[in-house]
Amino acid sequence: MVEELRNCKICGRLFRSISDSSVCVPCMEQDEKNYHRIREYLIEHPLSKIFEVSNELSIPVSRIKRYLREGWLEIVEKDNRFLDCEICGTPIHSGKYCEQCAEKARHEYKSSYSGGYGTKTAQKLNFHSRPEKAVKKVASR
Ligand SMILES: [Zn+2]
Ligand SMILES: [Zn+2]
């Protein structure tokens with residue numbers, strides 16, 4: 001078995017990558033825990049905004065963005081300002097590229113996601129990208 005030394009994408013520590021993972025085991029576990037906390041939070045509080053979730057759970061926005069980039073989570077708004085295609089800049093719900101660019105990329109690269117984190121069920125999230133337009137659970141009228 002070939003083990004490769006890598007720098008963890010999250011904490012930067014050098015670790016032995018066994019399953020072609022880019023994060024070390026403690027970070028992966030932490031990551032998974034955070035992901036589940038986010039999911040639970042969103043089940044209880046649908047229509048939460050990314051910034052609320054981040055504040056409530058003390059998970060950095062950048063981390064949440066990474067979940068979105070990795071396709072674990074999704075933004076419901078079509079026209080969000082939070083996540084955009086890394087190639088052309090079109091707003092996207094999840095992942096790195098818009099459909100067109102993903103289509104193109106599919107021909108050029110093999111997908112680098114091996115999903116080594118166990119179940120990769122993307123939960124559709126009612127994330128809203130604009131913090132100023134607060135959607136409160138209590139109706140305003
Ligand atoms: Zn780490
Ligand atoms: Zn694109």
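Two strands pair if DSSP finds at least two bridges between them. That rule is needed for the hairpin formed by β1 and β2. The model described here is predicted.

Strand β1 covers residues 4–7, and strand β2 covers residues 14–17. The two strands run antiparallel and are joined by four bridges. Two of the facing pairs can be picked out by name. Glu4 has Ser17 of β2 as its bridge partner. Asn7 stands opposite Leu14, again in β2. Six residues lie between the strands of this hairpin. Within the hairpin, Gly12 has a positive phi, near 85°.

Arg6 belongs to strand β1. Is Arg6 buried, partly exposed or exposed? Arg6 is partly exposed, because 16 other C-beta atoms lie within 10 Å. Leaving out residues up to four places away in sequence, Arg6 touches Phe15, Ser17 and Ser22. Arg6 can also be placed relative to Arg16. The two are ten residues apart in sequence, and their C-alpha atoms are 6.3 Å apart in space.

Now step back to the whole chain. The protein chain holds four helices and four strands. Along the sequence, their order is β-β-α-α-α-β-α-β. The chain has 141 residues, and 18% of them are buried. Take the contacts between residues at least 6 apart in sequence. Of these, 43% link residues at least 24 apart.

Next comes the pair of helices α1 and α2. Their axes lie 11 Å apart, and the helices pack at an angle of about 120°. The crossing of α1 past α2 is right-handed. Which residues make the contact? From α1 come Arg37, Ile38 and Tyr41. From α2 come Val53, Glu56 and Leu57. By type, the residues of this contact are four nonpolar and two charged, with no polar ones.

Between these two helices there is a loop, and Leu47 sits in it. Most residues other than glycine have a negative phi. Leu47 has a positive one, near 70°, and is not a glycine. Leu47 counts as partly exposed because it has 15 C-beta neighbours inside 10 Å.

Move on to the loop between α2 and α3. Ser58 is found there. Ser58 is not a glycine either, yet its phi is positive, at about 50°. Is Ser58 buried or exposed? Ser58 is exposed, because 8 other C-beta atoms lie within 10 Å, and a residue with 12 or fewer counts as exposed.

The largest nonpolar core has 14 residues. Which of them touch the most other members? They are Ile38, Ile64, Tyr67, Leu68, Leu73 and Leu83. Several elements contribute to this core. Helices α1 (25–44), α2 (50–57) and α3 (61–69) each supply at least two residues, and so does strand β3 (73–75). Helix α3 gives the most, with three residues. Ile38 links this part of the picture to the helix pair: Ile38 is in the core and is also part of the contact of α1 with α2.

Setting aside neighbours within four places in sequence, Tyr67 is in contact with Tyr35, Trp72 and Leu73.

Trp72 lies in the loop between α3 and β3. Why does Trp72 count as buried? Trp72 has 24 C-beta neighbours inside 10 Å, and a residue is buried if there are 20 or more.

The last stop is Ser94. Ser94 is in the loop between β3 and α4 (99–108). Ser94 counts as partly exposed because it has 17 C-beta neighbours inside 10 Å. One is Trp72, 22 residues away along the chain, with a C-alpha separation of 7.9 Å. The other is Arg66, 28 residues away in sequence, with a C-alpha to C-alpha distance of 9.7 Å.

Technical notes. Residues numbered from 1 in each chain as written. Chains lettered and ligands numbered in written order. Predicted model: local features only at pLDDT ≥ 70, side-chain atom pairs only at ≥ 80, totals over all residues. Contact = placed C-beta atoms within 7 Å. Core = buried A, V, L, I, M, F, W, Y, C linked by C-beta atoms within 7 Å. Axes fitted to C-alpha atoms, helices over the stretch in contact; angles between N-to-C directions. Left-handed = near helix turned anticlockwise from the far one by under 90°. Nonpolar A, V, L, I, M, F, W, Y, C, P; charged D, E, K, R; others polar.
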